[in-house]
Amino acid sequence: MKTITQITEEKQDKVLQSPMLAQVIMKLKNAFAEEILAYYQYTILEYFVNTVSIDKKVENLFKDIIKDFNENGKEELEDHAYWILGRLRDLGSDWSSIANPTLLDQIAEHKYIEPSDANPMVAVSQVAEAELGAIETYKDLIEFTKECDPITNKKMKEILKDEEKHLKEMEEFKTKYDELFKEP
């Protein structure tokens, strides 16, 4: 009977011998670039969106948005981006194309959405747009790796769930905001 470690090593060897290895690496570098850009977007927004509001009824909502940006940004970096870096290393990838942060937007299929306003609701809309891009990226990775890289495939499914959760949170913030100003 094989151990889990032996099975994992066999799967790893299969990926390393796959003719699709270069494409898996390219797609993972794209995902890494998008994760770093998402982390950056969340971090900038967390610190610069305007939580001072004339209308007190949105103050708590805006504080919740800021807290969510912090949590999501941390997840984008510490869970998603770091895992992808480790996987790239395991697959024998070099780091040359992702080592320069000024090139990340060129590597990313879904480009960085530069924050344009300190209004939390504008920020929520921009984050939602970025999350839609991330969802597309991970669906593509899941489809591409389903036969050639089960290790990556499994993690991409987990990350996809996180990205869908982030999008849902943004949609819920929009709904809560609209409800606050709904006329009775």
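The protein has six helices and zero strands. Helices and strands are DSSP runs numbered from the N terminus, with at least four residues of H or I for a helix and at least two of E for a strand. Along the sequence the pattern reads α-α-α-α-α-α. This is a predicted model, in which local features need pLDDT of at least 70, side-chain atom pairs count only at pLDDT 80 or more, and totals for chains, interfaces and linings use all residues. Residues are numbered from 1 along each chain as its sequence is written, and side-chain values use heavy atoms, with hydrogens and water left out.

Of the 184 residues, 43% are buried. Buried means under 20% relative accessible area, exposed over 50%, and partly exposed in between (1.4 Å probe, protein chains only). Contacts are heavy atoms within 4.5 Å. Among contacts between residues at least 6 apart in sequence, 83% join residues at least 24 apart.

**Helix packing**

Two packed helices are described by the angle between their axes and the distance between the axes. Axes are lines fitted to C-alpha atoms, for helices over the stretch in contact, and angles run from 0 to 180 degrees between N-to-C directions.

| Pair | Crossing angle | Axis distance |
|---|---|---|
| H2 and H6 | about 30° | 14 Å |
| H2 and H5 | roughly 165° | within 11 Å |
| H3 and H5 | roughly 25° | within 12 Å |

Angles under 35 degrees count as roughly parallel, over 145 as roughly antiparallel, 65 to 115 as roughly perpendicular and the rest as oblique. H2 and H6 are therefore roughly parallel. H2 and H5 are roughly antiparallel. H3 and H5 are roughly parallel.

The H2 and H6 crossing is left-handed. A crossing is left-handed if the near helix is turned anticlockwise from the far one by less than a right angle, and right-handed if clockwise. From H2, the contact uses Leu28, Glu35 and Tyr42; from H6, its residues include Thr152, Met156 and His166. Five of the contact residues are nonpolar, two polar and two charged. Here Ala, Val, Leu, Ile, Met, Phe, Trp, Tyr, Cys and Pro count as nonpolar, Asp, Glu, Lys and Arg as charged, and the others, Gly among them, as polar.

H2 and H5 also cross left-handed. Their contact has 12 nonpolar, seven polar and five charged residues.

The H3 and H5 crossing is left-handed. H3 gives Phe62, Ile65, Phe69, Glu76 and Ile84, while the H5 side includes Val124, Val127 and Tyr138. This contact divides into 10 nonpolar, no polar and two charged residues.

**The core**

The largest nonpolar core has 42 residues. Such a core is a set of buried Ala, Val, Leu, Ile, Met, Phe, Trp, Tyr and Cys residues joined through side-chain atoms within 4.5 Å. H2, H3 (59-90), H5 (120-145) and H6 each supply at least two of its residues. Those with the most contacts inside it include Leu28, Ile84, Tyr138 and Met156. Leaving aside neighbours within four places in sequence, Ile84 is in contact with Leu28, Ala31, Phe32, Glu35, Tyr138 and Met156.

Gln41 lies in H2 (residues 21-48). Gln41 is buried, at a relative accessible area of 2%. Not counting residues up to four places away in sequence, Gln41 touches Tyr112, Ile113, Pro115, Gln126, Val127 and Ala130.

Gln23 is also placed in H2. Gln23 is partly exposed, with a relative accessible area of 38%. The C-alpha atoms of Gln23 and Phe144 are separated by 8.9 Å, with the two residues 121 apart along the chain.
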